[in-house]
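Please look through the sequence and the structure shown here before reading on.

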Amino acid sequence: MKLKQLESLLGNLQQFQNPKIELEQYPTGAHIASRMLYTAENSYDDISGKVVADFGCGCGTLSLAATLLDAEHVIGIDVDDESLEIASVNADELEVELELIQSEIKNLPWRGQIVDTVVMNPPFGTRKKGADMEFLSVALKVASQAVYSLHKTTTREHIKRAALRDYNASSAEVICELRYDLPKLYKFHKKKDVDIAVDLWRFVPKAKQES
């Protein structure tokens, strides 16, 4: 599938009707989602034929991008049942299979590296400090191949240091810097939209025998 086609399909998905600020719910735009998954597949071969988990999947944009790029099995995980309902509707619209699990990421019962690749646009940690790092910590425990994640560019040094020192990553690299267009979703937002610089990271977990 070509990048333009992928972006076009993702652009038609339903997004949050009533986003919850306490969960830092923001839609992952089709532009960013398509490039994130397209790069994971075409540069690293981490999607097609693989078992992929989407942490904090929201309305399923990253999950569905993985299914459209021929992942063998995709699991979307989110704590919010309303988001999972929208993700399910989106999967039906695209006529693809998606397994959806309602759970907090830290409460996942998974033990060991049971998925190949984790993709995620975690909460940036502005409401709950460290939320993004909680996601990353779990992702690097359950992925055997790679973790793709978006984080604010301003946190780059902190992310790299923590991933390599504390979270079981054997490598951590910023693949590209993207502009995250944050729409005005909440009452406290003063501007119509805001551009935030975000890094797209690729982390490689240590193999079991190394850790």
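Is Arg156 buried, partly exposed or exposed? With a relative accessible area of 28%, Arg156 is partly exposed, where buried means under 20% relative accessible area, exposed means over 50%, and partly exposed lies in between (1.4 Å probe, protein chains only). This is a predicted model, in which local features need pLDDT of at least 70 and side-chain atom pairs count only at pLDDT 80 or more, while totals for chains, interfaces and linings use all residues. Residues are numbered from 1 along each chain as its sequence is written, and side-chain values use heavy atoms, with hydrogens and water left out.

**Charged pairs**

Side chains of opposite charge can pair when their charged atoms come close. A salt bridge is counted here when a side-chain nitrogen of Lys or Arg lies within 4 Å of a carboxyl oxygen of Asp or Glu, and by this rule the count comes to 6 salt bridges. Three of them are listed in the table.

| Salt bridge | N to O distance |
|---|---|
| Lys106 and Glu104 | 3.8 Å |
| Arg156 and Asp199 | 2.7 Å |
| Asp166 and Arg165 | 3.1 Å |

In the pair of Arg156 and Asp199, the closest N and O atoms are 2.7 Å apart. Arg156 lies in helix H6 (residues 156–166) and Asp199 in strand S7, so this pair ties together parts that are 43 residues apart in sequence; helices (H or I, at least four residues) and strands (E, at least two) are DSSP runs, numbered from the N terminus. Asp199 counts as buried, at 0% relative accessibility. Through salt bridges that share partners, Arg156, Glu177 and Asp199 are joined into one network.

Asp166 has a relative accessible area of 46% and is partly exposed, whereas Arg165, at 58%, is exposed.

Asp116, which lies in strand S4 (residues 115–120), gives another picture. Not counting residues up to four places away in sequence, Asp116 touches Lys50, Val51, Ala143, Ser144, Gln145 and Ala146, a contact being heavy atoms within 4.5 Å.

**The nonpolar interior**

A nonpolar core is a set of buried Ala, Val, Leu, Ile, Met, Phe, Trp, Tyr and Cys residues joined through side-chain atoms within 4.5 Å. The largest such core has 30 residues, and those with the most contacts inside it are Leu10, Leu37 and Ile47. Helix H1 (3–11), helix H2 (30–42), helix H3 (61–68), strand S5 (143–152) and strand S7 (193–205) each supply at least two residues of this core, and the largest share, 6 residues, comes from H2. Apart from this core lies another, of 27 residues, among them Trp110, Val138, Ala162 and Phe203.

Leaving aside neighbours within four places in sequence, Leu10 is in contact with residues including Ala30, Ala33, Leu64 and Leu68.

Helix H4 (residues 81–94) has 14 residues and reaches 20 Å from its first C-alpha to its last, close to the 20 Å expected at 1.5 Å a residue, where the expected span is 1.5 Å times one less than the number of residues. In H4, Ser83, Leu84, Ile86, Ala87, Asn90 and Ala91 are buried. These residues are on the same side of H4 because they cover an arc of only 160 degrees around the axis, the arc being that of the directions from the helix axis to the C-beta atoms. On the other side of H4, Glu85, Asp92 and Glu93 are exposed. The buried residues of H4 pack against H3, strand S2 (73–78) and strand S3 (99–102).

**Positive phi values**

Just after H4, Glu95 takes a positive phi of about 60 degrees. Asp45, in the loop between H2 and strand S1 (51–55), also has a positive phi of about 60 degrees although it is not a glycine, and Asp45 is partly exposed with a relative accessible area of 44%. In the loop between H3 and S2, Asp70 has a positive phi near 70 degrees, and Asp70 is exposed, with a relative accessible area of 55%.
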